[in-house]
Structures are given as C-alpha cells and as structure tokens.
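Dear colleague,

I am handing over the structure below for your own work. My notes on what was found in it follow directly after.

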Amino acid sequence: MEKAKVYFTKVITPENVIKMYETLGIELPGKIAIKLHSGEKGNQNYLRPEFVKQIIEHVNGTVVECNTAYEGERNSTPKHKKLLEEHGWNQYFDVDLMDAEGPDKVLKIENGKILKENYVGKNIDHYDSMLVLSHFKGHPMGGYGGALKQLSIGCASSEGKSWIHSAGRSKDQTKIWGDLPEQDKFLESMADAASSVHNLFKGRIAYINIMKNLSVDCDCCAVAEDPCMKDIGILASLDPIAIDQACIDLVYHSDDPGRDHFIERVERQHGIHTIEAAAELGFGTREYELINID
C-alpha cells in the first residue's frame, strides 16, 4: 500500500479547518454527515459549535451524533437532545441523533478480528458522504480518541457501543461494565467497527483531526482533566489510520512538558493497538507522508 498523504498546519483557526479540507482535493457528494463529539455535560474541553461553524457551513453538512452507553446526560434520546440544545449545536446546525429511534442499521464486517457485525444509528442511511471532524485527545478506556474512535464508538448506536465495549458479548448497557473483556479485544472491536463505517462511505469520506485542548480525558467525561499539553495543530487526510498515527507521532516527538503524562495514558491503555489492528484489516495504512501547509 502506498504511503497516505496527511496534511498538517500548526495554526488552529476555523478558517484553517476549511483550508485543510480543501487541500484534500475531495468534494464530498450529496447530503454530508458531520461526525463530531458534541461534549458531555460538565466537560470543558470539547470543541465548541462556534469553532466548527465555518467548516460545517462550508460543506453544508448535518451534525450527527448517537446516544451513549454509560451514565450521563447523553444515554437517552430526551436527555441527549436537551444537552445538544444546551451546548448550542441546534442554534447553528441541523442536528441528527442517528439512533433516536430504532431499529439499528447492521453493518457486516467480513474480516473482523472480533466483531462480525456493527450496530449504527439507522439514520446513517440518510447521508451520501461523511466528514469525520475529530477532536484528538486522550481517552480513559481507548488511550486516545481520534478518527478511528469517531468511526467506531462515535457512529455506533447505544446498543452498538455496548457491543463494541463488550467485544461482541452484549448489547445491554446495564450488563457490560462489570464484566469488560481483555483490553486488546476491546481495541480490536473498535478497529472492526471503524472499518465497517469507513467502507460504507469508501471514496466519499474525509478526516480532520484537531489537536487542541489536549487532555488525557475524552470529551465524554463529565469530570475531565484540563489539557496537559499545548495545542499542536490541524491534520487532514483521506486515511483514518494514517491521520491517527500521525497525531500519535506528533505527541511522541513533542518537547512539551505534558507529553509524558499524555503518553502514559495512551500506553497504559495500549491505545496504539487500535491503529495496529485497523492497519491489519487493510482499510488504511500506518505509513504516511506528513505535508506541511503554511
């Protein structure tokens, strides 16, 4: 497989998000889903709607989310819709909670390491293409969160999230948390699920990772650590594996004093294994060319 192209700029502005998208040279067709993280109630690090407003308007996209599978303000449709309004997403955009009503859409995973099917919000069928707009940061379970997590956990329905977290043992969120699988099986399940969504939109999907507010905790945490590293930049690619690998490499090569704390979180959860497993599935590559954009 040829090296993937990953574009990078250090300057984080709404205008540069558009510039990085345009640098990809892709015109996403039809109705465009914008998959992003809208933030748990109480979280201080998620990217605000004002920051992503320009890119969403530029492509005329619809913000899409799915319900969670853990306690909080996003694990049921009524609560989640209320929080989306509180966070201001409805003020600017059309917002689609893709699993607000069932049944889920089932995506087959022919060569999955752990999972043979993935359960996503059925409204994903309403879209012709997808822009995955990821806030790159740490994660208490996955080690880090980027494009692959947005494809997998992010697009999964509430039951689909349980299915991934339990490595295909249960879709019931009330039963999974006391009996979690071996960590690598969870990470491989994320890679399996990510492959199914990428392949669903193959040739009609693009990725932007924004390395800002670099906390070791995810935007899904109501109580999250403040950022431990300075902002790094914006990356864009058509390859979800390459873009996550490039972000990880930028952290490792950083001389920021908070680097070791961030890496400790990634390594403690064996976060790189999601990228390894995804590469073995063949829907992208870890080999990339990092192209600086002024």
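**Cores and packing**

In this predicted model, the largest nonpolar core has 49 residues, and those with the most contacts inside it are Met130, Phe136, Val197, Met211, Leu235 and Phe262. A nonpolar core is here a set of buried Ala, Val, Leu, Ile, Met, Phe, Trp, Tyr and Cys residues joined through side-chain atoms within 4.5 Å; buried means under 20% relative accessible area, exposed over 50%, and partly exposed in between, with a 1.4 Å probe and protein chains only. At least two residues of this core come from each of β1 (4-9), β7 (129-135), α5 (147-154), α8 (183-200), β10 (205-211), α9 (240-252), α10 (259-268) and α11 (272-281), and α9 gives the most, with eight residues. Helices (H or I, at least four residues) and strands (E, at least two) are DSSP runs, numbered from the N terminus. Apart from this core lies another, of 32 residues, which includes Val17, Ile26, Ile34 and Val52.

As to conventions, residues are numbered from 1 along each chain as its sequence is written, and side-chain values use heavy atoms, with hydrogens and water left out. As the model is predicted, local features need pLDDT of at least 70 and side-chain atom pairs count only at pLDDT 80 or more, whereas totals for chains, interfaces and linings use all residues.

Phenylalanine 262 touches Phe136, Lys137, Gly138, Leu214, Ser215, Val216, Cys228, Met229 and Val251, not counting residues up to four places away in sequence; contact means heavy atoms within 4.5 Å. Both phenylalanine 136 and phenylalanine 262 are buried. Rings of Phe, Tyr and Trp (its six-membered ring) pair if their centres lie within 6.5 Å, and planes under 30 degrees apart count as stacked, over 60 as edge-to-face and the rest as tilted. By this rule there are five aromatic pairs. The rings of phenylalanine 136 and phenylalanine 262 have centres 6.2 Å apart and planes at 20°, so this pair is stacked. Phenylalanine 136 lies in the loop between β7 and β8 (137-139) and phenylalanine 262 in helix α10, so the pair ties together parts that are 126 residues apart in sequence. Trp89, Tyr92 and Phe93 form one aromatic cluster.

Helix α1 (residues 14-23) and helix α2 (residues 49-59) pack at an angle of about 40°, with their axes 7 Å apart, where axes are lines fitted to C-alpha atoms, for helices over the stretch in contact, and angles run from 0 to 180 degrees between N-to-C directions. In this contact Pro14, Glu15, Val17, Ile18, Tyr21 and Glu22 of α1 meet Phe51, Gln54, Ile55, His58 and Val59 of α2.

**Individual residues**

Histidine 87, in the loop between α3 and α4 (89-92), is buried, with a relative accessible area of 16%. Leaving aside neighbours within four places in sequence, histidine 87 is in contact with Ser38, Gly39, Glu40, Lys41, Tyr46 and Pro49.

Asparagine 60 has a positive phi of about 55° and, at 66% relative accessibility, counts as exposed. Histidine 270, in the loop between α10 and α11, has a positive phi near 55° and is partly exposed at 32% relative accessibility. Finally, the peptide bond from glycine 102 to proline 103 is cis, with omega near -5°, and proline 103 is found in the loop between β4 (95-97) and β5 (105-108).

With kind regards
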